[in-house]
Structure formats: C-alpha cells, structure tokens
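Here is a colleague's note to read with the model open beside you. Take the points one at a time and find each piece as you go.

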Amino acid sequence: MSTAREGDTAHEPRRARGRLRVYLGAAPGVGKTYAMLCQGRRAMARDRDVVVGLVETHGRARTAELIDGLEVLPRRTLTYRGATFTELDADAVMARKPKIVLIDELAHTNVPGSKNAKRWQDVEEILDAGIDVISTVNIQHLESLNDVVEQIAGVPQRETIPDEVVRRADQVELVDMSPEALRRRLAHGNVYPAEKIDAALSNYFREGNLTALRELALLWVAGKVDEQLERYRADHGIAGTWETRERVVVALTGGAEGDTLVRRAARIAARAQGADLLAVHVTRSDGLTGADPAHLVRQRSLVESMGGTYHQVVGDDVPRALLDFARGVNATQLVLGASRRGRFAQLFSPGVGVTTTARSGSIDVHMITHEEVSKGRQGVPRSGAALTRSRRRAGWALAVAGLPALTAALVPLRGGLALSSEILLFLLMVVGVALAGGRWPALTAAVGGFALLNWYFTPPLHTLGVARPENLLALIVFVLVAATVSTVVDLAARRTREAARAGAEAEVLSTLAGHVLRGDAALPSLLGRLRETFALTSVTLLERTGPPGPDRLSAPQSWRIVAVSGGPPCTSPDDSDTDVLIDDRLMLAARGHLLDASDRRLLEAFAAEAAVALRQERLLREAEAAKPLAEADKMRTALLAAVSHDLRTPLASAKAAVDSLRNTAIDWSARDRAELLATAGESLGTLDRLVVNLLDMSRLQAGALGLTLQPVALEDVMPRAIDDVRPYGGRVEDETPVDLPEIMADPALLERILANLLSNAVRYSPSGEKVLVTASRYGDRVEIRVIDRGPGIPRQAHERVFLPFQRLGDRDGHSGVGLGLALARGLAEAMSGSLIPEETPGGGLTMIISLPVSRAGDAPPDGAERSP
C-alpha cells in the first residue's frame with residue numbers, strides 16, 4: 001500500500017508547505033497532549049489521513065487510550081553512552097506522506113547522533129515536505145522567557161525553542177488550567193507517578209509558580225493575538241480603528257490647561273470598564289518646543305497616578321502626529337484642549353483642533369474648554385533673543401563703522417569699478433553684519449548701504465535720483481537680498497541657540513526624572529542637582545507656617561526651611577535672587593545670581609519634582625510612624641477581648657472544679673474527685689500555655705526574644721515535636737528524608753513551632769485521618785510541610801489566621817486565644833524563615849515552614865535535582 005501511494009504521487013508537483021498547529025501550555029499536565037490527540041481523532045473522523053509521529057504518554061492511561069485506532073509510525077532507535085533511546089523518525093514521516101502528523105514536545109532535544117539537534121528542526125523539514133503538523137510546547141521552553149521562568153521556579157530549562165518558531169505557527173491554541181485544578185490532578189496521580197507527587201508539589205508545582213507561568217502563557221498568547229490582528233488589518237489595508245477595547249488618548253501641549261484635560265480624559269475612560277488612558281505630547285522634529293517642562297512633569301505624574309501612561313512623539317504636523325499615534329494604539333477617543341488662538345488667526349489657519357477633528361475618521365474627538373482659553377496666547381513660552389548681547393553690539397558697531405569705511409575705500413576706485421561690483425562688496429558687508437549681530441543690524445546696514453550706493457556710486461552722483469532704470473533695479477535687488485540673507489542668518493543663529501538650550505535642558509531633565517525614585521535622599525539630591533546646574537550659592541525649599549497673605553510674604557517667621565542645599569539658606573522669598581511658587585504653601589528660593597527668563601521653565605520643573613519628593617518623603621514617614629501605633633492599638637484591643645472572653649472559660653472551669661472539691665456537704669467518690677482534679681489541672685494547664693504564649697508574643701513584638709541559632713538536623717527535632725503532641729502522636733506520620741542538610745535554627749523554638757502546627761493539624765483532621773509531615777530542599781532553604789485533610793481555610797483567610805487573637809469559626813473554650821499560629825510565624829521569621837499556608841490538593845491545609853540551610857549544608861548531595 002505504501003508503494004502504491006508513492007507511485008501515485010511520484011509525478012505530482014511539490015506540495016505547498018504544511019501548516020503548523022501548536023498547543024501551548026503553562027506547565028506539564030495541563031492537557032496539551034490530550035488536546036492534540038483529540039484534534040487528531042476529530043480530523044480522522046473527517047476522513048483525513050492522520051498518523052502519530054511521536055507521542056509521550058508519561059504513563060497517563062487516558063492519554064494512552066486516545067492513541068488506540070490511530071496509525072503510529074515507528075521511531076528511530078539510537079544508542080548513546082551504552083543506553084538505547086528512541087526519537088522521532090522524520091524520514092519515515094516524509095516517506096509515509098500523511099496529511100497530518102502528531103508530534104509531541106516540540107522543544108525536545110534529540111539524542112546526540114540524530115540528524116537534527118532539536119525536534120523543531122525535524123518538524124521544519126516535515127512542514128517543508130507539505131505535511132501538516134500538530135505539536136505541543138510549554139511556555140517555559142520559549143527562549144525569550146527562559147531566564148524569567150528560572151527566576152520564578154528556580155529550575156533552569158535546558159530545552160528551549162526560539163520564539164519565532166512558535167510565532168510562525170499558523171495556529172497557536174492555549175490549553176489552560178487553573179493552578180488549583182492542576183495540583184489536584186497531580187495529587188490524584190494523573191500527571192506523575194505516586195513516588196514523584198510530593199516532590200513535584202513541593203518544588204515546581206507550587207501554586208505561586210503555576211500562577212506566574214499561567215500569566216506568562218496568557219500574556220504571550222495575547223501578544224500573538226495582537227500581532228495577528230495588526231497583520232490582518234495591514235494585509236487588508238484597514239486603517240480605521242477597530243473598537244476591540246476603549247482607549248482614550250489625551251493630547252498635552254505643555255500648557256497649564258493639561259491638568260484639566262487629563263482629569264477629563266480620566267473620567268471619560270472611567271465610564272468604560274477596563275479602558276486605557278494614554279497621554280501624548282508632540283514635539284517638533286528639530287527637538288525644539290515651547291512646552292513648559294514643569295507642566296509636563298506634573299501632568300505626567302498626574303496621568304500615571306490615574307493608571308495611565310505617558311508618551312512623547314515627534315512630528316512637525318501636529319494633527320497628523322496625534323492621529324498616527326491614536327491609530328497606532330487603536331484608540332477610540334481623542335481628547336484635545338480648545339484653541340487659544342484668536343478669531344483673526346483662525347481665518348488664516350483652522351488650528352490643530354479643527355484639523356484633527358476633520359481628519360479623525362472613526363475616532364471620537366472631544367474638544368475640552370478650559371480657563372486658559374480666555375488668556376489667549378499670553379503666557380505661552382516664546383523664544384528669547386537669537387544672539388548674545390555682545391554679538392548684537394558687535395553687529396551694530398560693524399554696521400555703523402564698517403559702511404562708512406567701505407565707502408571711503410571705494411570712492412577713489414569709483415572710475416575703475418562697475419556698479420555691480422560695488423553692490424557685491426556692500427552685500428558682502430551686510431552679510432558680515434548679519435553674521436556678527438543678527439537681523440536688525442543687518443537690515444539697518446542694508447538700508448544704509450542702499451543710501452550710500454545711491455549717493456556716491458549711482459549716476460547722477462551726490463543725489464538721491466537714479467538716472468538709469470537698471471541701476472534702480474540693482475539697488476532694490478540689493479536691499480531685498482541683504483534683508484533675506486540677514487533674516488536667514490538670524491533664524492539659523494536662533495535655531496542653533498535654541499537647539500543647544502533644548503539639548504542642555506533634555507540632559508538635565510533626564511537626570512531629574514529619576515531623583516524621586518531614589519528613596520529618602522531624593523529631596524537633598526534634587527536640590528543639590530539644581531544648585532550645580534545653575535551654579536547657585538544655595539537652594540532652599542520653604543513652607544508657609546501660617547495662612548497666606550501679601551503682608552506675610554517677606555516675613556521670615558512666616559516661612560519654615562524644609563530642605564536646603566548649599567548655604568547660607570534663604571529664610572524668606574525676599575532673601576532670594578529667584579523664587580518659584582509651587583503651590584499655596586511651598587516655594588523654591590534660589591540665591592547666587594539672577595536667572596534668565598528662559599531658565600525659569602527648567603527651574604519650575606525642578607520645583608515640581610521637589611514638591612513630589614517632599615510629599616513622598618512625608619507619606620513614608622507618616623506610614624512608618626502610624627504602623628507601630630496601629631499594631632499596638634490592634635494588639636491592645638484584641639488582648640482585652642481575649643482576656644474578657646477566651647481566658648474566662650478555663651478560669652471558670654478551674655474555679656468550679658476547686659469549689660466543688662472544697663464543698664464538704666458533698667461526699668465525692670474517688671472517680672468523681674479524680675475527674676474534678678483532672679478538669680482543674682487541664683484548665684490550669686491551658687492557662688499556663690496561654691500565659692507563656694502571651695509572654696512570648698510580647699517579647700516578639702518588643703524584639704526582645706532570645707535566639708540561639710545553630711546547625712540543626714531535622715531528624716533530631718522532629719521526634720521530640722511529635723512527642724509533645726501526645727496523646728495525638730499516633731496520628732502523625734513522619735516522612736521526612738534522612739539525607740536533608742542541616743538548617744540554621746534554634747532547636748527549642750523549632751520544636752515549639754512544629755508541635756504547635758502538629759497539634760492544630762491533628763485537632764482539625766477527621767477522625768482516623770493521619771497528619772503527614774514531609775520535608776525537601778529547595779535552593780538554599782529546607783521546607784517542612786505539615787499536611788492535614790481537614791476542612792481547610794478559605795484562601796481569603798490565609799493571612800488572617802496569623803493575626804494574634806484570631807480564630808476562624810466557633811471553637812470550644814479550650815482552644816485558646818488564637819496565638820498559636822501567630823506565635824509560630826513570629827518564631828519562624830525571627831529565625832530568618834517563613835511560615836505560609838497552602839491548600840492541600842484534594843482538600844485540607846498544608847503549613848510550610850521554610851528555613852535557611854546552614855553553611856555546612858550548602859552543597860546539595862551529588863545527583864540532587866531541584867525539578868520534579
């Protein structure tokens with residue numbers, strides 16, 4: 001049959017490249033192979049020629065059942081280092097020429113000696129042969145995520161696949177499963193054999209690891225979906241916006257109205273569930289802008305505080321740049337501020353708002369009015385003089401002295417030179433004046449040169465009349481050329497100076513942006529940077545001590561020094577050379593020399609950042625100051641509640657038992673007397689334990705608990721802890737390995753932690769169910785797991801059970817005041833460890849104690865593996 005098939009197709013043209021379908025999963029066991037086999041069986045039911053190239057069942061019965069009825073191609077057998085291995089036989093697949101082939105584990109590394117080093121390379125050859133392939137891969141095998149997965153799971157992935165191989169797949173389908181469901185599958189033996197379950201649950205298959213890997217998988221697939229959508233729109237020439245998700249873009253000019261626009265855009269975005277807020281500022285392509293850096297810094301902070309993002313794009317055509325950005329992010333709404341331009345200016349140009357609205361297409365444009373509209377163009381930053389004062393003076397001096405000198409030099413040569421030559425020499429002088437002093441000296445020189453040429457060199461001489469029309473035309477052209485050249489030179493000088501200033505401002509602002517993120521030293525560092533930038537003597541941040549008022553502006557007693565760099569500090573705004581009002585209470589005062597008006601924008605940016613740094617510093621101090629007060633208040637409240645309720649029961653029991661024994665009117669039998677004494681003893685023992693826990697908790701809160709950390713072998717502590725929970729010791733099953741390294745701990749405190757957890761686990765486990773204790777090494781720590789099969793604790797209450805005086809549900813009067821778990825976690829953390837709860841797969845609660853390995857036990861045993 002195979003021969004007939006080959007003969008039938010021997011003369012067929014080469015088939016087109018096959019299609020690749022990949023089932024992507026977050027971790028082993030989510031059902032990728034199962035989904036691949038189900039898809040293969042569905043294709044076979046539609047009379048498609050389907051074969052199994054290679055499928056790894058890993059002993060899973062339900063997966064193996066799906067292979068029955070499918071044609072399975074033989075594998076290639078290879079020998080490596082004395083062992084026999086089987087691999088995918090790509091040549092056999094291409095010789096068989098099925099329509100679809102199922103190939104598991106796309107990222108697999110082939111045995112040395114194979115035709116290709118990686119299985120995905122075999123798949124590429126099969127695809128080139130025109131055969132469709134269905135395969136599987138886990139997110140941790142993608143090359144770009146290799147280091148991220150190792151950081152999350154602590155397990156290096158040696159088998160990787162280039163992202164591009166999976167991205168090129170014709171179809172990528174995510175096989176998703178919640179971490180809880182996957183752990184239950186693992187606990188039921190549906191993923192690994194029984195002997196590997198505990199190790200897998202304790203290491204790679206932690207709930208946190210699985211959640212992080214699941215998020216990586218979802219984000220990766222979402223990114224591919226975005227790529228597919230953009231590719232489809234590009235291939236079909238779709239330039240319009242597809243409203244798959246609301247995205248609101250607000251355009252910022254760097255003016256004071258930006259705050260109003262950002263808040264309005266945030267309200268628009270809030271009306272749509274899950275909408276994105278983006279702010280964009282358009283700068284000119286030459287890097288020069290009239291935007292106020294202080295306003296942009298404040299507005300960027302405002303956007304980010306509202307959950308939005310800030311962007312900056314370059315473009316000389318502002319409407320086009322805005323719409324290109326909006327369409328690029330698939331925005332649905334665009335927020336613009338109303339124009340400040342007057343009606344006369346709008347007659348010649350419609351403005352950014354009108355032009356953007358006309359070109360917006362399917363994007364909704366909101367024109368927002370604001371208070372700055374009434375102010376018109378006043379207050380909008382304008383460029384300063386193009387040249388320095390000394391250069392302008394030199395230009396005027398050259399114009400005043402150079403033209404008469406040139407005239408005096410040319411008058412004796414008047415008979416030997418043509419008028420055109422004299423005009424060129426005067427034009428050269430005007431260009432020199434323009435280079436030296438700019439536009440106005442050059443224009444003055446042009447007018448003066450016209451007069452001198454007319455008087456001394458244009459017939460009739462020494463009159464303002466011109467005899468020949470061509471001479472008049474030459475003089476007029478001279479003036480026009482001189483004016484044009486002087487304007488161009490002045491504009492070039494202006495642009496050069498603005499570019500230099502913009503570059504300097506950009507360099508300063510780039511270093512300024514990170515200061516607030518540097519912690520407690522942000523404010524002094526910020527002021528120091530400002531003082532160095534402008535070569536100032538001192539920079540002081542002042543705060544009002546009373547209500548604002550014009551009569552209190554200069555009084556030193558009205559201001560308090562918040563921070564200072566350099567010295568001596570300014571005690572009031574009047575002491576400064578330059579001051580910037582930040583808000584009603586804060587002012588930045590600089591001393592040293594007067595700053596140019598063009599430098600004030602940068603100074604305002606520093607002032608805005610200083611205010612943000614001060615607020616962050618104060619919020620941090622307030623939070624730190626309030627935390628111990630809140631904890632102490634919570635402790636006092638809980639302690640009073642516990643003493644008034646939980647301690648009353650054992651006290652009442654003990655008192656009742658003692659009073660009964662003291663009653664001589666009743667003749668107690670020996671059995672009754674023994675029972676009453678046992679009740680009193682048990683109640684007093686409960687009180688003793690509660691008092692000891694209270695004392696230990698108070699020492700923990702005060703940081704006065706004595707610790708003796710030393711290398712401890714777990715097999716030495718565990719039996720004593722089990723003995724402490726008698727008469728329940730028979731319900732504890734100890735499965736801790738004997739080859740674990742020693743840990744750094746206080747033996748007595750570790751014993752108390754274990755006894756506390758074991759007694760809790762036994763108390764809440766069903767009758768007849770045993771409590772399991774296991775341990776394993778994970779990196780540089782040893783994790784001890786106390787596993788019960790009781791009712792468990794709701795996930796939202798996992799942290800609440802560790803609060804002092806907290807108990808979930810109704811308990812009997814002998815259960816204490818809820819200090820056990822709080823004390824156990826406190827003791828574990830005092831030994832540089834941790835105590836965290838997890839849900840036991842299949843029902844119950846697992847308490848995990850994590851403690852550091854002692855230095856003597858740092859090296860893992862030979863052949864030890866961290867992966868499941």
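1. In which loop does Asp 47 lie? Asp 47 belongs to the loop between helix H2 (32–45) and S2. Its phi is positive, about 65°, although Asp 47 is not a glycine. A word on names: helices (H or I, at least four residues) and strands (E, at least two) are DSSP runs, numbered from the N terminus.

2. Some ground rules before we go on. This is a predicted model, in which local features need pLDDT of at least 70 and side-chain atom pairs count only at pLDDT 80 or more, while totals for chains, interfaces and linings use all residues. Residues are numbered from 1 along each chain as its sequence is written, and side-chain values use heavy atoms, with hydrogens and water left out.

3. Now look for the open sheet built from six strands, in the order S3-S2-S6-S7-S1-S8, with parallel pairing. (Two strands pair if DSSP finds at least two bridges between them.) Strand S3 (71–72) and strand S8 (171–175) are at the edges with a single partner strand each, so one side of each has no neighbour in the sheet.

4. Stay with this sheet for a closer look. Strand S2 (residues 50–54) pairs with strand S6 (residues 100–103) in the parallel sense, over four bridges. Val 52 is opposite Leu 102 in S6. Helix H5 (residues 119–128) lies across strand S1 (20–25), S2, S6 and strand S7 (132–138), and runs at about 180° to S6. For such angles, axes are lines fitted to C-alpha atoms, for helices over the stretch in contact, and the angles run from 0 to 180 degrees between N-to-C directions.

5. There is also an open sheet of five strands, ordered S11-S10-S9-S12-S13, and its pairing is parallel. At its edges are strand S11 (309–314) and strand S13 (364–368), each pairing on one side only. On average, neighbouring strands of this sheet are turned by 25° against each other, direction ignored.

6. Which strands does helix H11 touch? Helix H11 (residues 258–270) packs on this five-stranded sheet, touching strand S9 (247–252), S10, strand S12 (333–337) and S13. The direction of H11 makes about 175° with that of S9. Strand S10 (residues 276–283) and S11 pair in the parallel sense over six bridges, and the bridge partner of His 281 is Gln 312 in S11.

7. Next come pairs of helices. Two packed helices are described by the angle between their axes and the distance between the axes. Helix H13 (residues 318–328) and helix H15 (residues 351–359) pack at about 45°, with their axes 9 Å apart. H13 and H15 are therefore oblique to each other (under 35 degrees counts as roughly parallel, over 145 as roughly antiparallel, 65 to 115 as roughly perpendicular, and the rest as oblique). Residues that meet, with contact meaning heavy atoms within 4.5 Å, include Leu 322 and Leu 323 in H13 and Val 352 in H15.

8. Are H16 and H17 roughly parallel or roughly antiparallel? The axes of helix H16 (residues 389–410) and helix H17 (residues 419–437) come within 8 Å and cross at roughly 165°. That makes H16 roughly antiparallel to H17. Among the contact residues are Gly 395, Leu 398 and Ala 399 of H16, with Met 429 and Gly 432 of H17. The contact divides into 11 nonpolar, five polar and two charged residues; here Ala, Val, Leu, Ile, Met, Phe, Trp, Tyr, Cys and Pro count as nonpolar, Asp, Glu, Lys and Arg as charged, and the others, Gly among them, as polar.

9. H17 also packs with helix H18 (residues 439–456), at about 160° and with axes 8 Å apart. H17 and H18 are therefore roughly antiparallel to each other. The contact includes Phe 426 and Val 430 of H17, and Ala 442 and Ala 445 of H18. By class, it has 11 nonpolar, two polar and two charged residues.

10. One last stop is Pro 460, in the loop between H18 and helix H19 (469–512). A cis peptide bond joins Pro 459 and Pro 460, with omega about -10°.
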